[in-house]
Amino acid sequence: IYAFNVTAANSARKSFEKGKMLVTSGVHPREWAPPELNARFIETLVEGYNNNADITWILDHNEIHAILYVNPDGRFISEKYPSSYWRKNLN
């Protein structure tokens with residue numbers, strides 16, 4: 001499972017001084033849209049830094065941690081066998 005850490009690395013604030021936010025998606029295998037929305041959220045933050053005052057302030061003062069797929073093995077089964085209505089992970 002991979003996680004993204006989005007923040008301003010050159011900020012005057014140190015990591016321990018910043019607020020933390022964790023965003024997860026892909027918990028349930030049949031929820032196909034939320035991981036895409038989470039990826040677009042990350043993309044918006046990255047592209048908006050230094051272009052959007054609100055996003056720049058947010059990333060200067062906070063760390064956003066995002067996990068796109070909390071249940072990647074369940075997602076794989078859900079996509080491979082869509083008629084199974086798979087709801088769990090494989091562990």
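In which segment does Y85 lie? Y85 sits in the segment after α3 (72-80). The model is predicted: local features need pLDDT of at least 70, side-chain atom pairs count only at pLDDT 80 or more, and totals for chains, interfaces and linings use all residues. Residues are numbered from 1 along each chain as its sequence is written, and side-chain values use heavy atoms, with hydrogens and water left out.

View 1. Y85 is exposed, with a relative accessible area of 56%. Exposed means over 50% relative accessible area, buried under 20%, and partly exposed in between (1.4 Å probe, protein chains only). Y85 and P29 are 56 residues apart in sequence. In space, their C-alpha atoms are 8.7 Å apart. Helices (H or I, at least four residues) and strands (E, at least two) are DSSP runs, numbered from the N terminus.

**View 2. The two sides of helix α2.** Helix α2 spans residues 53-61. I55, T56, L59 and D60 are buried there. Seen down the axis of α2, these buried residues fall within an arc of 130°, so they line one face of the helix. The arc is that of the directions from the helix axis to the C-beta atoms. An α-helix has 3.6 residues a turn, so residues three or four places apart point the same way. On the other side of α2, A53, D54 and W57 are exposed. The cover over the buried residues of α2 includes β1 (4-6), α1 (33-48) and β3 (62-67).

**View 3. The N-terminal end of α2.** N52 caps this end of the helix. A side-chain oxygen of N52 lies 2.9 Å from the backbone nitrogen of D54. The side chain of T56 reaches the backbone oxygen of N52, also at 2.9 Å. A polar contact is a pair of N or O atoms within 3.5 Å; within protein, one must be able to donate a hydrogen and the other to accept it, and residues adjacent in sequence count only if both atoms are side-chain atoms.

View 4. T56 belongs to helix α2. At 14% relative accessibility, T56 counts as buried. Leaving aside neighbours within four places in sequence, T56 is in contact (heavy atoms within 4.5 Å) with G48, Y49, N50 and N51.

**View 5. α1 against α2.** The helices pack at an angle of about 100°, with their axes 8 Å apart. That makes α1 roughly perpendicular to α2 (65 to 115 degrees). Axes are lines fitted to C-alpha atoms, for helices over the stretch in contact, and angles run from 0 to 180 degrees between N-to-C directions. T44, L45 and G48 in α1 meet I55, T56 and L59 in α2.

Terms used:
Parallel < 35°, antiparallel > 145°, perpendicular 65-115°, else oblique.
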